[in-house]
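Subject: Structure handover

Hello,

Here is the structure I promised to pass on.

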Amino acid sequence: MTGLIAGALLLTGCMNLPAPERTPVVEGVASDLLPFYGQEITWEGCDGIDEGSYYCTTVTAPLDWTDPDDGALDLAVVVRVGGSGKSTASLLTNPGGPGASGFDLVADSALFAVGDELAENFDVIGFDPRGVGRSTAVRCLDAPEMDAFLFDIPAGTRGSDEWEAELTTRNDGFAAACEVGSDGILPYITTENAARDMDLLRAVLGDETLNYIGYSYGTFLGATYAKLFPERVGRLVLDGAIDPSTSSLEVGMTQAIGFESALRTYMASCLNTEGCPFGGTVDDAMADLGTLLATVDRTPLPNRDGRMLGADTLTTAIIAALYAQGSWPVLTAALSDALAGDPAQAFRLADFYYDRADGVYLTNQTEAFTAYNCMDYPNDDDPAAEAAADERVNALAPTIAPYWSGVDRCASWPDEPTGVREEIAADGAAPIVVIGTTGDPATPYEWAVSLAGQLSSGVLITREGEGHTGFNKGSACVDEAVVAYFLDDVVPEDGLVCR
């Protein structure tokens, strides 16, 4: 799962500002789409948000964009009005996933989402894409069922027929529950449909062109928008880029190698930090971590809530902490405790990854993540390519490799994928800024280089550093370039390197 994983900053001290008042943009809209593009939205106060500069609404979108008369779904939207109260444009954002809540990102932490200067000058828009959160959502399992699906240790030895059969049965049950609980929306939970929804939001918000910051998976959403509507691209920043031409097999392979690399960088830091539970060289420490993973794989550690920490969940905990360098001390504590037989801290990291707290799943991001990926990525059915990818992961990510691959969840999905994996040029679009971080484990830097090269108007900013995504992460160089692009229409120099 990829996304903007970080803590939230609460907003305080803002003025009470009026809701935006703008007229929908409907010029050139086809007659069968006018009821959607021409809808007048009503902003109201948001439940749980006392701040007067926040307003919420619901926008109605076609269930099937190819047949607008065949039902509709709801999109939940929140605006944080620009600090001056005189903003004339919207700035949409998506935190990634797929499946992360853009509504929550803005409602909880608009300044974290776009930074102070952009929040001052734009009406910052958060929305839950179709299938996600407060919008018409994918629904599958209740909390105890989800716990069993994610955390129960399968029978049999890893990789055995018994082990694979149990995971296949588990995936079949999950997919069936999603089909029953989601009221017919699963075939339409695709990034292309979500990008069309985003153009609808642009229009009903009264904007001629789209201003947008997309993080992680949000870069694929933004690039897809640019492919579909190049003439409506305003200012787009795609941060922590996904290469739209990569297959699911290539994505998994590249991410495994990226997380292994980030893990080695973490380990080098840990070895120079007081309290690190490992010693010797980085290779020695990685070998000891591999031993820990193999140990809990054979003999899982019991948690106080009854869950058992096996190698899969410990790997998830490690991955969650590698998204941000600031989480490295938490990872050190979790690994120290696990070596001592206490899995609680590791479960806290895994729960953070799955958006679970006190036995409750706060969002449906796991269900939505699966729904989007199973519809966006064509089936990989090439045994030779799979064998080659496994060989590469085993060679370049030996610590993670034994716990990286499982039984393909999408093989059980009730609908055939409709997405394609292809390069996106977006000919005719205004300049699009792509940001890549050299030590990003979730969306490796090479993907940003590839996407910027594919886009006819792509401009690459490189952030040299660790962690996932680059804007608003402490690099004045990146932040100044992005702010100047949005506020002053100054396109960054292609190839800008921020150290």
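A word on burial before anything else: "buried" stands for under 20% relative accessible area, "exposed" for over 50%, and "partly exposed" for what falls in between, with a 1.4 Å probe and protein chains only. The areas themselves come from the Shrake-Rupley method with a 1.4 Å probe, and for residues only the protein chains shown count as cover.

Please keep in mind that this is a predicted model, where local features need pLDDT of at least 70, side-chain atom pairs count only at pLDDT 80 or more, and totals for chains, interfaces and linings use all residues. Residues are numbered from 1 along each chain as its sequence is written, and side-chain values use heavy atoms, with hydrogens and water left out.

**Backbone**

A426 has a positive phi of about 50° although it is not a glycine. A426 is buried, at 8% relative accessible area, and sits in the loop between α14 and β13. (Helices, H or I with at least four residues, and strands, E with at least two, are DSSP runs numbered from the N terminus.)

D183 also has a positive phi without being a glycine, here near 55°. Its loop runs between α5 and α6 (191–204), and D183 is exposed, with a relative accessible area of 73%.

P98 belongs to the loop between β5 (96–97) and α2.

**Disulfides**

How many disulfides does a search of the whole structure find? There are five, a disulfide being a pair of cysteine sulfur atoms within 2.5 Å. If you number the bonded cysteines of the protein chain in sequence order, they pair as 1-2, 3-4, 5-6, 7-8, 9-10.

Among them is the bond from C46 to C56, with 2.0 Å from S to S. The angle about this S-S bond is 110°, making the link of C46 and C56 right-handed. C46 lies in the loop between α1 (34–37) and β2 (54–62) and C56 in strand β2, so the pair ties together parts that are ten residues apart in sequence. Both cysteines, C46 and C56, are buried.

Another disulfide joins C270 to C276, at 2.1 Å from S to S. The link of C270 and C276 is right-handed, with 110° about the S-S bond, and both of these cysteines are buried.

C477 and C498 are joined as well, with an S to S distance of 2.0 Å. Their link is left-handed, with -60° about the S-S bond. This pair links distant parts of the chain, 21 residues apart: C477 is in helix α16 (residues 476–488) and C498 in strand β15 (residues 496–498). C477 is partly exposed at 27% relative accessible area, whereas C498 is buried at 1%.

**Salt bridges**

Side chains of opposite charge can pair when their charged atoms come close. The whole structure holds 18 salt bridges, each a side-chain nitrogen of Lys or Arg within 4 Å of a carboxyl oxygen of Asp or Glu.

One of them is between D104 and R134, at 2.3 Å from N to O. D104 lies in helix α2 (residues 102–114) and R134 in the loop between β6 (123–127) and α4 (143–151), so this pair ties together parts that are 30 residues apart in sequence.

R158 meets D297 with the closest N and O atoms 2.8 Å apart. R158 is in the loop between α4 and α5 (161–181) and D297 in helix α9 (residues 282–298), so the pair ties together parts that are 139 residues apart in sequence. R158 is partly exposed at 23% relative accessibility, and D297 is partly exposed at 27%.

There is also a network of salt bridges linking D147, D305, R307, D351 and R356.

**A charged patch**

Which residues gather in a patch of negative charge on the surface? They are D381, D382, E386, D390 and D408. Patches are made of residues with over 30% relative accessible area and no salt bridge, with like charges joined within 9 Å and nonpolar side chains (Val, Leu, Ile, Met, Phe, Trp, Tyr) within 5 Å. Lys and Arg count as positive and Asp and Glu as negative, while His and the chain ends are not counted; each charge is placed at NZ of Lys, CZ of Arg, CG of Asp or CD of Glu. D408 is found in the loop between α14 (383–396) and β13 (432–439), and is partly exposed at 46% relative accessibility.

Best wishes
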